[in-house]
Amino acid sequence: MIDKLKLAEQRYTELETLLADAGVIADQKKYRDCMREYKGMTPLIEKYREYVKAEENHAEARELLGESGLDTDFREMAQLQFDEARENMEKFADELKVLLLPRDPDDDRNVIIEIRGGAGGEEAALFVNTLYRMYSMYAALKNWKIEVVNSNPTELGGYKEISFSVEGEGAYAKLKYESGGHRVQRVPETESQGRIHTSLVTVAVLPEVEEVDVEINPADLEIQTFRASGAGGQHINKTESAIRVIHKPSGVIVECQEERSQHKNKDKAMKMLYSKLYEAKMTEQTDKIAAERKIQVGSGDRSEKIRTYNFPQSRVSDHRIKLTLHKLEAVLNGDCDEIFEALAVADNAAKLINS
């Protein structure tokens, strides 16, 4: 591990030199690539330097303790430094093991999130809106940008489905564990008997990809235009600006009707299509790996019920990691980091076991 870290630090120093080079600064692509690599390595190198400092303190204290003639107070101080440095070395070594795990190459990408109502009718549609609001508020806390790609609203203020992009640093790294079934338990406003209803909503998180990541033959596409419509089927657009793209080999269908411009709707629809085809390709590769080793967290299986939001008990439970929080309102207002970070820790722990 230490040999790997020494090589990594050498590369980090090289990148620092490159980023100060006028020729690299003038080449925007090269500069951007170096900066991305540099930023990605920074947490690892900072932690390694903390480990090296602890190692130096440990060696210094051991040398002092080996000396004869130390007075009692000085020996106690040296022993304290020795013990503290050893604890830090063990802690930093564990943290470095996690940082050395292969990074998900998609972690730095923006994402497209799809939320669809499942069992539960209008109550599920209302919860689609609740989850959309939760992710929007979380994004606002992170200074990320959200843009709706496609939506199918209902008359009572819910959505049968909504798709939106999230643009910001580390968006996929934080949100990738959200794919799956989200169950809500609450008493609907229309329920006169006060009975708790259970509804299900599915979430899909797709990394936003470039055309170079997936090849699409234009001949494989069927592009349809139609009129954009609002809740209850009322037409909100008299021209056929909405776009539906069908990828015939895979059967994947995407739609976009949020923009007034047909051209902009087509651009957004194609972005979503690239992301869906990329996800299918990645899922196929992941399934092959999963056949050999099972990673419990972040499988992205949409049929899996991953989380329950219980309103009467103000409880949020993530079933993959057995985490329960009694702060439902805060979570739905975007306070999601405790859940997202616990999922990342559990995923890393699973990878360490299987590495």
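Modeller: In this predicted model, helix α1 passes α3 in a left-handed crossing. Helix α1 covers residues 2-19, and its axis and that of α3 come within 9 Å and cross at roughly 135°. That angle makes α1 oblique to α3. On the side of α1, the residues in contact include I2, L5, A8, Y12, L15 and L19. Those that α3 contributes include Y31, C34, M35, Y38, M41 and I45. Charged residues also take part, among them K6, E9 and R11 of α1 and E37 and R49 of α3. By class, the contact of α1 with α3 has 16 nonpolar, two polar and six charged residues.

Helix α3, which spans residues 28-65, also meets helix α4, residues 72-99. The axes of α3 and α4 come within 8 Å and cross at roughly 155°. Angles over 145 degrees count as roughly antiparallel, and α3 and α4 are therefore roughly antiparallel to each other. The crossing of α3 and α4 is left-handed. Sorted by class, the contact of α3 with α4 has 17 nonpolar, five polar and eight charged residues.

The sheet comes next. Eight strands form an open sheet with mixed pairing, in the order β2-β3-β1-β5-β4-β9-β10-β11. Its edge strands are β2 (145-153) and β11 (323-325), each of which pairs on one side only. From one strand to the next, the twist averages 15°. Helix α5, residues 121-141, packs on this sheet and touches β1, β2, β3, β4, β5 and β9. The direction of α5 makes about 10° with that of β3.

Strand β3 has two partners to consider here. With β2, it pairs in the antiparallel sense over eight bridges, and E147 stands opposite S165 in β3. The hairpin of β2 and β3 has five residues between the strands, and G157 takes a positive phi near 100° there. With β1, strand β3 pairs in the antiparallel sense over six bridges, and R116 stands opposite E161 in β3.

Conventions: Residues are numbered from 1 along each chain as its sequence is written. This is a predicted model: local features need pLDDT of at least 70, side-chain atom pairs count only at pLDDT 80 or more; totals for chains, interfaces and linings use all residues. Side-chain values use heavy atoms; hydrogens and water are left out. Two strands pair if DSSP finds at least two bridges between them. Helices (H or I, at least four residues) and strands (E, at least two) are DSSP runs, numbered from the N terminus. Axes are lines fitted to C-alpha atoms, for helices over the stretch in contact, and angles run from 0 to 180 degrees between N-to-C directions. Contact means heavy atoms within 4.5 Å. Angles under 35 degrees count as roughly parallel, over 145 as roughly antiparallel, 65 to 115 as roughly perpendicular and the rest as oblique. A crossing is left-handed if the near helix is turned anticlockwise from the far one by less than a right angle, and right-handed if clockwise.
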